[in-house]
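Hello,

Here is the structure for you to look at. My notes on what turned up follow below it.

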Amino acid sequence: AGMPRPDRDAHGVSTPALLRLSASAAIMNAVVPLALCLQVALAGKMAGSSVQAAFGLVVVTCGMGTTVFSFLVDGVVAKVGTAIGARRWDEARGMVRAALVAALLCGGTATAVLLILRAPLFVLFGADRAVTARARAYYAFRASAIPLQCVASSTNGCLGGYGRVHAATALGIARAAAEVVGVAAALASADDGSEADGSDGRRERGAMVGMGVVYAACVATHALVGVTLVACLVPDGARARLGIFGSVHIRGDGEDGYLEVPDAPDGTPDGT
C-alpha cells in the first residue's frame with residue numbers, strides 16, 4: 001500500500017519540446033541584459049550623462065553581489081530537476097525550501113558587504129564627485145534589494161526544475177517590461193518636477209531615487225510572484241503541489257507525503 005504508484009503520464013521529452021524549452025530559457029537569459037541596455041539608453045537621453053554613468057556604476061558594482069550567487073539558478077535547476085525526475089517528492093520539497101533560505105542568506109551577506117564597501121568600490125572604479133553623488137541614492141536601493149533578487153533567481157531555478165520554464169520566462173519578461181516602463185516614468189517625473197537647468201543636481205538625484213524605487217518594487221514583486229508560483233504550480237510528472245509551506249496528506253498512502261489528489265471511483269486520476 002505504501003509503494004509509489006507508476007506515473008500514467010510518464011513519457012520522454014520529444015525533440016520539438018526540448019527545442020521549445022531551450023528557446024524559452026534563452027529568452028529568459030536574454031531579457032535581463034536587454035532591459036538593462038534600454039534603461040541605460042533612457043537614463044542618458046532623459047536625464048543626462050552623469051545619471052547614465054551613475055546608473056552604470058551601480059549596476060556593475062551591485063551586479064557582483066548577484067553574479068557570485070548564480071548557482072542559485074543553475075544548481076537549483078539541476079538538484080530539484082533530478083529529485084523530481086526520480087519522483088523523490090520529499091527530497092524535492094526539501095531542496096526548494098533550502099534554496100529559498102540560501103537565497104535570503106546569500107543575498108543578505110552580499111548586501112552587507114556591498115554597503116560596507118561602497119566608498120572603496122566607488123574609488124576603485126574612479127568615479128568623479130558628480131557621478132558618485134548621483135550614484136549614492138540609487139546604490140542603497142539596488143544593494144538592499146539583493147536578497148529579494150536572489151530569491152527571484154532561486155524561484156527561476158525551482159521553476160526550471162519543475163519543468164515550468166515557460167512560467168519562469170513569462171515572469172522574467174513581465175518584470176523586465178515593468179522595470180523599463182517604470183524607469184522611463186521615473187525619469188520623466190523627475191524631469192517635470194525639478195528646475196529645467198538642474199544646476200543644483202536635484203533633478204538628477206530625483207531621477208536616481210525614482211529609478212531605485214522602481215527597481216526595488218519590481219524585484220520584490222518578482223520574488224513574491226515567483227515564490228507563489230513555486231508553491232502553487234504542480235511539478236512536471238507530479239499529481240499535485242509539493243506543499244513547500246506545509247505537508248498535507250489528502251490520502252494516507254500519499255507518495256512521500258506530497259499533496260496528492262485522490263482518484264475518481266473509476267480509477268482514473270483526478271476524475272478525468
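**What was found**

Of the 272 residues in the protein chain, 40% are buried. Please keep in mind that this is a predicted model.

The fold first. The protein chain has nine helices and zero strands. Read from the N terminus, its elements run α-α-α-α-α-α-α-α-α. Among contacts with a separation of 6 or more, 76% join residues 24 or more positions apart. The accessible surface is about 13300 Å². Carbon and sulfur atoms hold 66% of that surface.

The largest nonpolar core has 57 residues. Within that core, V96, Y138, Y139, Y162, M211 and I244 touch the most other members. Helix α9 (residues 202-232) gives the most to this core, with 10 residues.

I244 deserves a look on screen. Which residues does I244 contact, leaving aside its neighbours within four places in sequence? They are R93, V96, R97, L100, Y162, V230 and A231. Two of these, V96 and Y162, are also among the core members that touch the most others.

Now the charged pairs. Side chains of opposite charge can pair when their charged atoms come close. How many salt bridges does the structure hold? There are four. Here are some of them.

- **R88 and E91.** Their side chains meet in a salt bridge, at 2.5 Å from N to O. R88 is partly exposed, with a relative accessible area of 36%. E91 is partly exposed too, at 33%.
- **R175 and E179.** This salt bridge spans 2.8 Å from N to O. Both residues lie in helix α8 (residues 165-193). They sit four residues apart, about one turn of the helix. Are they buried or exposed? R175 counts as buried because its relative accessibility is 13%, under the 20% cut-off. E179 is buried as well, at 5%.
- **R203 and E204.** The closest N and O atoms of this salt bridge are 3.5 Å apart. R203 is buried at 13% relative accessibility. E204 is buried too, with a relative accessible area of 8%.

So where to begin? I would open helix α8 and find R175 and E179, the buried pair in that helix. Then turn to I244 and trace its contacts, among them L100 and V230. After that, look at R88 and E91, the partly exposed pair.

Best wishes

Methods:
Residues are numbered from 1 along each chain as its sequence is written. This is a predicted model: local features need pLDDT of at least 70, side-chain atom pairs count only at pLDDT 80 or more; totals for chains, interfaces and linings use all residues. Side-chain values use heavy atoms; hydrogens and water are left out. Buried means under 20% relative accessible area, exposed over 50%, partly exposed in between (1.4 Å probe, protein chains only). Helices (H or I, at least four residues) and strands (E, at least two) are DSSP runs, numbered from the N terminus. A nonpolar core is a set of buried Ala, Val, Leu, Ile, Met, Phe, Trp, Tyr and Cys residues joined through side-chain atoms within 4.5 Å. Contact means heavy atoms within 4.5 Å. Accessible areas come from the Shrake-Rupley method with a 1.4 Å probe; for residues, only the protein chains shown count as cover.
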